[in-house]
Structures are given as C-alpha cells and as structure tokens.
2 protein chains.
Amino acid sequence: MRRRGVKNLDKRLEESSNLIVKDPISLKGKWNTLFNNNNPIYLEIGMGKGDFIIEQAKRNPNINYIGLEKFPSVLIVAYDKLKDLGLTNLYLVVADATNLLDMFEENEVSKIYLNFSDPWPKKRHIKRRLTSNTFLPKYEVILNNSSTMEFKTDNQELFEYSIISFNEYKMKFIDISLDLHNRLDDKGNLLDIISTEYEKKFVSKGNKIYFIEVGFNHE
Amino acid sequence: MRRRGVKNLDKRLEESSNLIVKDPISLKGKWNTLFNNNNPIYLEIGMGKGDFIIEQAKRNPNINYIGLEKFPSVLIVAYDKLKDLGLTNLYLVVADATNLLDMFEENEVSKIYLNFSDPWPKKRHIKRRLTSNTFLPKYEVILNNSSTMEFKTDNQELFEYSIISFNEYKMKFIDISLDLHNRLDDKGNLLDIISTEYEKKFVSKGNKIYFIEVGFNHE
C-alpha cells in the first residue's frame with residue numbers, strides 16, 4: 001500500500017529524531033543497546049500505518065518492538081502517530097524482509113508478526129508472499145528457539161496457501177482460528193484483539209479474520 | 001445421527017442381500033475377492049445416508065467403494081437408495097472406526113473420506129473425533145503409501161482442531177479450501193463437488209464448507 005505524493009517525505013524522514021532507525025544493519029546483534037535493556041524483541045514485518053504495533057508497545061512496556069515497513073510513504077504515517085507518545089520500546093525501520101539477515105543476528109528476535117501481508121495473488125509472484133519459503137528460512141534464523149510467529153489475514157487464498165507452506169516447511173501449528181474476532185475465551189467472552197486500521201474496518205463489515213500461530217521445529 | 005424407530009430394522013438388515021457385508025472381519029486382507037477384481041479400494045468412514053459414496057461409485061466404476069456407518073438405522077437409508085442401482089463396486093458395512101484394523105490389512109485402502117464427521121464439541125470427547133490421534137494411526141496403517149485422506153466439514157471448530165491434529169501427527173497437507181463450493185478451477189469455473197445430503201442443504205443456505213486433503217509421511 002504505497003502512498004503517493006507525501007510532501008517533503010525525504011526531509012521528514014531525515015528529521016524524524018531517532019524513532020526511525022536510519023542504519024539498521026549497524027545494529028545487527030546489538031538491538032538491545034538501542035533499547036538500553038535486554039527485554040525480548042518483537043518484530044512486525046510490514047507494519048503499515050502502525051496501529052497494531054503502537055498499541056502493542058503501549059500495553060507491553062517490558063517488550064521491545066520493531067516495526068518494519070518497506071514504503072517510507074506509509075511508515076511516515078505510523079511515525080506521525082508515534083512521535084508524541086513518549087514510548088521508549090518501539091522503533092521503526094524502512095526495510096524489506098528480504099534483508100532480515102543483514103539486520104538481525106541468529107536468535108535475536110522473540111516474536112514475528114505478519115498482519116495483512118500483501119497477498120501477491122498472481123502465480124508468478126508467489127515467491128514474494130511473506131509466508132512463502134523465500135522468507136521462512138530467514139524467520140527461522142532470527143527467531144529464537146521457543147519463539148513463534150503470528151499471522152493474520154482476511155485473504156482466504158493467502159491463508160490457504162500459507163497453511164500449506166508452513167506445513168511443507170515442517171513448522172509446528174500452535175493455534176489457529178478461522179474467525180478470530182468471534183472467538184470466545186473459556187468463560188464465553190470475546191477476546192481483546194489488537195487490530196490494524198485495515199482490520200477494524202474489515203471486521204466492522206462482518207468479515208472474518210483468519211489467524212495462525214506457528215513455530216519452527218529446530219532440529 | 002442415529003435414527004429411532006426404524007421398523008423391522010434387524011430383519012431388513014438380515015435380508016439385505018449381499019450389499020451389506022455381514023462379517024467384515026473375515027474379509028481383512030481379501031476385500032478384492034468380494035469385488036472380484038483388484039481395483040483400488042476407497043473407504044468412507046461415517047457414510048451417513050450414502051449420497052456421497054453412491055454418487056462416487058456411479059461415476060467411477062473402476063474404483064471399489066466401501067461405506068462404513070456405525071448406526072444401522074442410518075445405513076439402512078443408504079441401502080434403500082443403493083439396492084436397485086445394480087452397482088457392483090459399492091458395499092456397506094455396519095461398523096465403528098475403532099475396529100478398522102480388524103477389518104483391513106496394512107495398505108489395503110487407497111483413499112479415506114471423512115465427510116461431516118461428528119464434531120464431538122465437548123473437551124472430554126475430543127478423543128472420539130475421527131480426526132484425533134485416536135484414529136490417525138489406524139488410517140496410517142490401512143492406507144497405502146501414496147494414498148490420501150479427504151476431509152470435509154462445515155464445523156469451524158472441528159476443522160481448526162483437525163488442522164492442528166494433522167500437523168501434530170506430521171501429516172503432509174496436499175490441498176486445502178476454506179470455501180470448497182465457491183472454489184474455481186484454472187478456467188474460472190466452479191468445481192463439480194460430490195455432496196452429501198447434509199452438505200447440499202447447508203451450501204444452499206450460503207454457508208461455507210471446509211476441505212482438506214492430507215497424506216501420511218511414511219518414514
């Protein structure tokens with residue numbers, strides 16, 4: 001979801017204080033020095049406009065969050081929401097998932113979130129899907145052993161594809177829901193789901209969100 | 001879906017000619033002698049009123065079909081539909097999936113169908129679900145190596161549970177659909193889905209059918 005015609009984008013990114021990490025490669029293996037603590041690092045790949053990860057960071061001060069977004073024109077929207085909140089546990093990075101191994105050391109990450117990733121519906125673009133085996137080996141390297149990845153989407157085909165892809169890569173399925181927002185807890189209450197902007201609109205129309213949590217079988 | 005008060009049930013089963021196999025255990029390892037050929041054997045577990053397997057048998061004369069149903073009062077409905085069709089490639093058996101290994105030899109079966117299996121929604125009954133690991137090891141024994149199992153249901157919770165269960169048992173996911181009846185082929189046409197009675201009613205109300213095809217990773 002690239003946005004066009006954002007005014008003075010380069011200048012604004014440049015002046016964005018340190019909330020947007022300019023040189024993520026230099027932090028490989030030492031992101032804890034940026035956060036100034038050794039709390040676990042949770043990574044959202046394709047953060048979009050930031051609603052999900054900002055809310056996560058607000059609610060969980062003892063977790064460090066990094067939001068990756070490849071389009072600067074989109075990331076700047078998240079930055080505008082974030083800049084006056086005073087959070088010290090969330091940083092944003094303009095980056096592509098292709099380069100994950102340049103930015104993160106083995107086992108450096110404790111959770112990966114994929115929310116409403118680009119479905120790349122055409123067959124010839126399958127390898128670009130963030131749940132394809134182009135990316136799974138990279139996630140496996142940077143995630144530490146007991147960690148998991150959580151993936152949400154409203155796109156039925158992408159979800160079907162991803163289940164097959166995860167299974168083929170011999171991942172462990174921990175949790176799944178075919179209608180996340182109507183899921184009940186043990187007491188029969190709706191769960192408190194942290195949503196993206198897109199998700200809120202979609203759910204308000206009565207549509208279903210698919211969810212899966214998976215881990216890697218490190219052998 | 002037990003039915004009550006079917007008149008003269010025992011007598012009718014007794015007189016049902018040979019289309020209802022009375023002693024399936026005696027056929028273990030030699031079902032081909034019943035069919036009088038060596039065609040592959042496809043098994044539906046929980047056949048219900050028989051619509052699905054009768055239609056399969058009509059369309060595929062070179063496949064041998066066996067329909068298992070544990071409630072005689074339900075099986076007799078399938079028998080009534082079948083008895084005048086003159087099919088020689090379909091037999092019915094009153095039997096419970098628990099006893100599969102008494103009835104079939106290793107590798108004797110080339111396909112298993114589970115259609116709209118009882119969801120057993122209560123936690124204490126999970127082990128009774130036909131997709132639980134109570135039954136998966138039995139399916140693994142009787143299915144020959146390259147064969148698969150196809151499972152359809154409209155029950156969201158049972159489907160979610162089954163995906164996790166299959167993954168845990170390290171099965172191979174071959175195909176999946178979260179809306180089988182709206183699936184299109186490569187040319188954009190709807191597929192020709194052979195449906196159960198229950199399924200036809202359910203789909204006509206606009207509800208979704210979940211589908212998965214899985215295999216065993218014989219190692």
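User: Where is A:Lys122 found in chain A?

Analyst: Happy to start there: A:Lys122 is found in the loop between strand S5 (109-115) and helix H6 (136-142) of chain A. Please keep in mind that this is a predicted model.

User: Why is A:Lys122 called partly exposed?

Analyst: A:Lys122 has a relative accessible area of 46%. Buried would be under 20% and exposed over 50%, so with its 46% A:Lys122 falls in between and counts as partly exposed.

User: What makes up the positive surface patch that holds A:Lys122?

Analyst: The patch is formed by A:Lys70, A:Lys122, A:Arg124 and A:Arg128. Lys and Arg count as positive, and patch members need over 30% relative accessible area. At 46%, A:Lys122 passes that cut-off.

User: How do you know that A:Lys81 and A:Asp51 form a salt bridge?

Analyst: Their closest N and O atoms are 2.5 Å apart. The cut-off is within 4 Å, from a side-chain nitrogen of Lys or Arg to a carboxyl oxygen of Asp or Glu, so this pair qualifies. The two residues come from distant parts of the chain: A:Lys81 is in helix H4 (residues 72-82) and A:Asp51 in helix H3 (residues 51-59) of chain A, 30 residues apart.

User: Which of these two partners is buried, and which is partly exposed?

Analyst: A:Asp51 has 18% relative accessibility, which is under the 20% limit, so A:Asp51 counts as buried. A:Lys81, at 29%, counts as partly exposed.

User: What is the partner of B:Lys81 in chain B?

Analyst: B:Lys81 forms a salt bridge with B:Asp51, and the closest N and O atoms are 2.5 Å apart. B:Asp51 lies in helix H3 (residues 51-59) and B:Lys81 in helix H4 (residues 72-82) of chain B, so this contact ties together parts 30 residues apart in sequence. B:Asp51 is buried at 18%, while B:Lys81 is partly exposed at 28%.

User: What makes the contact of B:Asp51 with B:Lys200 a salt bridge?

Analyst: Here the N to O distance is 3.3 Å, and the limit is 4 Å, so the pair meets the criterion. B:Asp51 is in helix H3 and B:Lys200 in helix H8 (residues 197-204) of chain B, 149 residues apart. B:Lys200 counts as partly exposed at 46%.

User: Which residues of chain A are joined into one network by salt bridges?

Analyst: Salt bridges with shared partners join A:Asp51, A:Lys81, A:Glu197 and A:Lys200. Over all chains, the structure holds 21 salt bridges.

User: Why are S1 and S7 of chain A said to stand at the edges of the sheet?

Analyst: The open sheet has 8 strands in the order S1-S4-S3-S2-S5-S6-S8-S7, with mixed pairing. Strand S1 (20-21) and strand S7 (172-177) each have a single partner strand, so one side of each is left without a neighbour in the sheet.

User: Why is S3 of chain A called mostly covered?

Analyst: In strand S3 (residues 64-69), 6 of its 6 residues are buried. A:Asn64, A:Ile66 and A:Leu68 lie on one side, with A:Tyr65, A:Gly67 and A:Glu69 on the other. S3 also pairs with strand S2 (residues 41-45) in the parallel sense over 5 bridges, and there A:Gly67 is the bridge partner of A:Glu44.

Key: Residues numbered from 1 in each chain as written. Chains lettered and ligands numbered in written order. Predicted model: local features only at pLDDT ≥ 70, side-chain atom pairs only at ≥ 80, totals over all residues. Heavy atoms only, no water. Patch = residues over 30% accessible without salt bridge, like charges linked within 9 Å, V, L, I, M, F, W, Y side chains within 5 Å. Areas by Shrake-Rupley, 256 points an atom, 1.4 Å probe, with all protein chains shown as cover. Charge placed at Lys NZ, Arg CZ, Asp CG, Glu CD. Helix = DSSP H or I, 4+ residues; strand = E, 2+ residues; numbered from the N terminus. Buried < 20%, exposed > 50% of the residue type's maximum accessible area, 1.4 Å probe, protein only. Pairing = 2+ DSSP bridges.
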